[in-house]
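Visitor: I'm new to this one, could you walk me through it? Please put it up first.

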Amino acid sequence: MSTPGRKRREDIWENFIFDVKDNKTQCKKCSARITGKNTTNLKRHLQSNHPEIHTQVSIFHNIQLTRPYPFYYTAY
Ligand SMILES: [Zn+2]
């Protein structure tokens with residue numbers, strides 16, 4: 001089942017690459033490596049190292065939380 005418009009995902013994973021082999025997540029900005037792929041840890045990394053990105057990601061998540069239906073549906 002395909003979902004049109006679903007590729008609009010400027011979420012936290014725009015800023016990180018998960019390395020399955022090592023179970024580590026690498027920051028695209030500063031190449032820091034964080035164990036696991038817990039988004040709480042990733043957000044904490046953004047907050048302390050890249051506050052401007054953290055702000056954008058937070059806005060994105062707040063929009064998702066306050067909408068009763070999926071975000072991609074409301075993007076237009
Ligand atoms: Zn970083």
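Visitor: How do β1 and β2 pair?
Guide: Strand β1 (residues 16–19) and strand β2 (residues 24–27) are antiparallel and share four bridges; strands here are DSSP runs of E with at least two residues, numbered from the N terminus, and two strands pair if DSSP finds at least two bridges between them. This is a predicted model, where local features need pLDDT of at least 70, side-chain atom pairs count only at pLDDT 80 or more, and totals for chains, interfaces and linings use all residues. Residues are numbered from 1 along each chain as its sequence is written.

Visitor: And which residue in β2 is the bridge partner of F16?
Guide: C27 in β2 is the bridge partner of F16.

Visitor: What about the turn, which residue there has a positive phi?
Guide: N23 does, with a phi of about 55 degrees, in the hairpin that β1 and β2 form with four residues between them.

Visitor: In what order do the strands of the sheet come?
Guide: The open sheet has three strands in the order β1-β2-β3, with antiparallel pairing. Its edge strands are β1 and β3 (33–35), each of which pairs on one side only.

Visitor: How many bridges join β2 to β3?
Guide: Three bridges join these antiparallel strands, and T25 has I34 in β3 as its bridge partner.

Visitor: Switching topic, which residues make up the largest nonpolar core?
Guide: The five residues are I12, F16, L42, L46 and V57. Such a core is a set of buried Ala, Val, Leu, Ile, Met, Phe, Trp, Tyr and Cys residues joined through C-beta atoms within 7 Å, where buried means that 20 or more other C-beta atoms lie within 10 Å of the residue's own, with C-beta atoms placed from the backbone.

Terms used. A residue is buried if 20 or more other C-beta atoms lie within 10 Å of its own, exposed if 12 or fewer, and partly exposed in between; C-beta atoms are placed from the backbone.
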